[in-house]
Amino acid sequence: EGEKTWNPETHQVDQADGKWTSDTKAITVTNHSNVGIMAKFAFAPNGEIEGSFTKDSTPTDQLALDTAESTEVAAAPTGTVNFAITGGAITESTKLGTITVYIAPNDGSNYIFTETELTEVAENGGSFKLASDLDINDRIVSSEENFEIDLNRKSINGSCGFIGQFVTQKISNGTIHTSNYGESALWSTGEGKAIVDNCTLTANDYYAVYVSVGSTATITDSTLTGSSSFGAAIASGKNTVLTFIGSNVLNGNVVVEDGGKVIFSGNVTLNGNIDKRDENSTVVCEAGTYNFDV
């Protein structure tokens, strides 16, 4: 934008012509907290342009800043990245996109900040922690490598949920909610193994948890809520085992069919029914406290 100058002869502001510049713009983060932090930068374009971040001319989208403890306020840990755009032509004054700065503790955890990152790490495996609430649009699929995510008391909301095939997926300490028809918050299939600890799993239009094709799922200290037309959880298929331990609240029917097995123990609150659909399926009630007649 051109420089603005007050004109005392006309009582108006004169504005010089705007000009193009290739200068990169700086984003500075200062840490005034008593823990080290990680700042991560992302750019979502409105059009065909691309954005990039650099630090000291080296591409990076992260800044690690030490704790501010034992420092003067004016000397708080500070870091700067530069932002520049390339790509499509800019023909008018318009919004180019949105820069988001994510902040998480720099505690050695592998934090996930975006749906794209969540999709990639689920596919490639490893252990991760969620940095913030996420809205997702696609299934989060684990089929090659074991995957573990600490939801970190955060929520994942979207049309679809997590699905594991032939692998172990462990999900803990948070909330997953799915809205689409036929989509569970958690689905374990293909002889996979699911471990859920201290979670709230809900599905608007299906089972909150679906276990099938010889897979297993162990649910600990969690709340499962499924739709009224389906149920809280289902174990479907030979050698398929769904186990509840600890304290669990199940809002909706628990279904077992086609040779599946459901095992209850601990403190079980079932706001629904046990739907055992054939003689080849099994329901076991081990030592525990139940709100229904075992």
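1. Largest pocket. Strand 8 (residues 78–86) supplies the largest share of the lining, 3 residues. By class, the lining comprises 8 nonpolar, 6 polar and 5 charged residues. A pocket is here an open set of points on a 1 Å grid over the protein atoms alone, with protein on both sides within 12 Å along at least five of seven lines, and lining residues have an atom within 4 Å of a point. A volume is the space filled by probe spheres set on the points, which are joined across faces, edges and corners. Ala, Val, Leu, Ile, Met, Phe, Trp, Tyr, Cys and Pro count as nonpolar, Asp, Glu, Lys and Arg as charged, and the others, Gly among them, as polar.

2. Basis of the values. The model is predicted: local features need pLDDT of at least 70 and side-chain atom pairs count only at pLDDT 80 or more, whereas totals for chains, interfaces and linings use all residues. Residues are numbered from 1 along each chain as its sequence is written, and side-chain values use heavy atoms, with hydrogens and water left out.

3. Second largest pocket. About 200 Å³ of space lies in this pocket. Its lining divides into 5 nonpolar, 3 polar and 3 charged residues. Strand 4 (37–45), strand 5 (50–55) and helix 1 (115–124) each give two or more residues to that lining, and strand 4 gives the most, with 4 residues. Among the lining residues are Lys40, Phe43, Phe53, Asp61, Tyr102 and Glu117. Helices (H or I, at least four residues) and strands (E, at least two) are DSSP runs, numbered from the N terminus.

4. An open sheet of 4 strands has the order 3-8-5-6, with antiparallel pairing. Strand 3 (25–30) and strand 6 (58–59) are the edge strands, each with a single partner, so one side of each has no neighbour in the sheet. Strand 5 and strand 8 are joined by 5 bridges and run antiparallel; within this pair, glutamate 50 has threonine 86 of strand 8 as its bridge partner. Two strands are taken to pair if DSSP finds at least two bridges between them.

5. Parallel strands around strand 20. Strand 20 (residues 209–212) is joined to strand 18 (residues 186–189) by 3 bridges, and the two run parallel. Leucine 186 stands opposite valine 209. With strand 23 (residues 233–236), strand 20 pairs in the parallel sense over 4 bridges, and serine 212 stands opposite serine 236. In a regular strand the side chains alternate between the two faces of the sheet. In strand 20, Val209 and Val211 point one way and Tyr210 and Ser212 the other, and all are buried (under 20% relative accessible area, with exposed over 50% and partly exposed in between; 1.4 Å probe, protein chains only).

6. Nonpolar cores. The largest nonpolar core has 41 residues, of which Leu118, Phe162, Leu201, Leu224 and Leu242 touch the most other members. Apart from it lies another core of 12 residues, including Val29, Phe53, Leu65 and Val81. A nonpolar core is a set of buried Ala, Val, Leu, Ile, Met, Phe, Trp, Tyr and Cys residues joined through side-chain atoms within 4.5 Å.

7. Phenylalanine 162 and the cavity. Not counting residues up to four places away in sequence, phenylalanine 162 touches, among others, Leu118, Ile140, Phe147, Leu186 and Trp187 (contact means heavy atoms within 4.5 Å). Phe162 also lines the largest cavity, together with Arg139, Gly161, Ile163, Glu183, Ser184 and Trp187. The structure holds 1 cavity of 30 Å³ or more, a cavity being a set of points where a 1.4 Å probe fits but cannot get out. About 30 Å³ of space lies in the largest cavity.

8. Two individual residues. Asparagine 152 lies in the loop between strand 14 (147–150) and strand 15 (155–158), and counts as buried because its relative accessible area is 12%. Valine 284, in strand 29 (residues 282–290), counts as partly exposed at 25% relative accessibility. Beyond four places in sequence, valine 284 is in contact with Lys261, Val262, Ile263 and Phe264.
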